[in-house]
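Dear colleague,

Here is the structure I said I would pass on. My notes follow it.

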Amino acid sequence: MSDPVKIGIIGCGKISGIYLKNAPYFQHVRLTACADVDLERARSVAEEAGLQAMSVEDLLASEVDIVLNLTPPEFHFEINRRILEAGKHAYCEKPLAINLEDGEATVALAKEKNLHVCCAPDTVLGAGITTARRAIDEGWIGEPVGGSAFMLSHGPEGWHPNPGFYYQPGGGPLFDMGPYYLTTLVHLLGPVRRVQAVAHRMDKVRIATSANLFGKKLPVDVETSYCGSLAFAAGALVTANFSFDVWGHRHAPIEIYGREGSLGVPDPNTFRGPVGLYRPEDRNDRQWKDLPLQTPYIDNSRFLGVADLAAAILEGRTPRANGDIALHVLEVMCAYLTSSTSGRAVDIASQPERPARMPTGRPFGMM
Ligand SMILES: NC(=O)c1ccc[n+]([C@@H]2O[C@H](COP(=O)([O-])OP(=O)(O)OC[C@H]3O[C@@H](n4cnc5c(N)ncnc54)[C@H](O)[C@@H]3O)[C@@H](O)[C@H]2O)c1
């Protein structure tokens, strides 16, 4: 067996915990170091996880092969650039960048350097979405012709310790949550060809109600509700709406409608099921049937995309959470903005290949 792929983390905030928790399950990788602008934070995370705390500069000069960029969205571009310039592969939290130009420059730089830049979400590699994809690929609903996606919530200011960035460019329901839903749709249906959307901003200020910032005013510099129509290159038409202005709703997260049946796709911000199948022959009892989940990644398995990147490096293949997919999703999100301000439909130029489906029948941690 080859030496484990060495990994460092930049950004030791809220989301870093789950990456640290899951990394040890994968024997072909080893987390070695972490860095943060807040060196104290890096030290305390390092101590708890048995890593070396370093400055960002030292981490980039160290012997790691992959650097995880877990900073807030506005720093993704700059940190990814520095990771790639340092000759390391990058795995970034979503979104890839806060505008298309930066996203394109990131993917171009990675290609120029012959390195990978990968991007969350990796929930699309989990048991739920893998099972849904297999059902579509194997024809259980026939040719997909339509679908819906609803991410409707009241925003993160009630639970996140530092919610300000969710209302700045790179945040909002579209850039924060859109990647989960749109990446899932691309895994299930292939690339998007055209987008038409409308958007609005309900309030100019939101009030934090999370414990440590209770009452703090958060300026809102992004739209907080989007309604979009997506035409997929393969033909399906999908309604995809994103909002931080909704207290409650009863929509399924994602449904895909095929010529021969319908598929209920689980919350793409999770790894779990259920995946529901409705076939016309079930019409008499009007029952949806839950499909058995096809992989062991059912609980919060964030890090799976990093493990896949490390395996891809060792095997010389394309990683599943690759930059072309992330850039396509970024282009679609930017098209929501362009369409809502111009009142016109926007054609999508990038048309990436669907990543390979996750293998089934392998134990947890074995790629
Ligand atoms: N919190 C979640 O539940 C969650 C879930 C999924 C994805 N994400 C994504 O993860 C990323 C980070 O989110 P978070 O919730 O952990 O944020 P956070 O604010 O809790 O942590 C971010 C960390 O990055 C550090 N940082 C900021 N700028 C830096 C820089 N230039 N160099 C080095 N370190 C820097 C900060 O000091 C902080 O420790 C975001 O892109 C977010 O969209 C978060």
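Which residues does L68 touch, not counting residues up to four places away in sequence? They are I7, I9, I10, Y19, Y91 and V306. Please keep in mind that this is a predicted model.

L68 also comes up in the account of the core. The largest nonpolar core has 104 residues, and C34, I66 and L68 touch the most other members. Helix α9, residues 323–342, gives the most to this core, with 11 residues. At least three residues of the core come from each of domain 1 and domain 2.

Where they meet, 20 residues of domain 1 are in contact with 23 residues of domain 2. On the domain 1 side of this contact, the elements that give two or more residues are α5 (100–113) and α8 (304–315). The largest share, 3 residues, is from α8. Sorted by class, that side of domain 1 has 9 nonpolar, 5 polar and 6 charged residues.

Last, the ligand. It is surrounded by 21 residues, of which G11, G13, K14, I15 and E93 are the closest. By class, the shell around the ligand holds 10 nonpolar, 4 polar and 7 charged residues.

Regards

How values were computed:
Residues numbered from 1 in each chain as written. Predicted model: local features only at pLDDT ≥ 70, side-chain atom pairs only at ≥ 80, totals over all residues. Core = buried A, V, L, I, M, F, W, Y, C linked by C-beta atoms within 7 Å. Buried ≥ 20, exposed ≤ 12 C-beta atoms within 10 Å, placed from the backbone. Helix = DSSP H or I, 4+ residues; strand = E, 2+ residues; numbered from the N terminus. Domains from an automatic or database assignment. Contact = placed C-beta atoms within 7 Å. Near = placed C-beta within 6 Å. Nonpolar A, V, L, I, M, F, W, Y, C, P; charged D, E, K, R; others polar.
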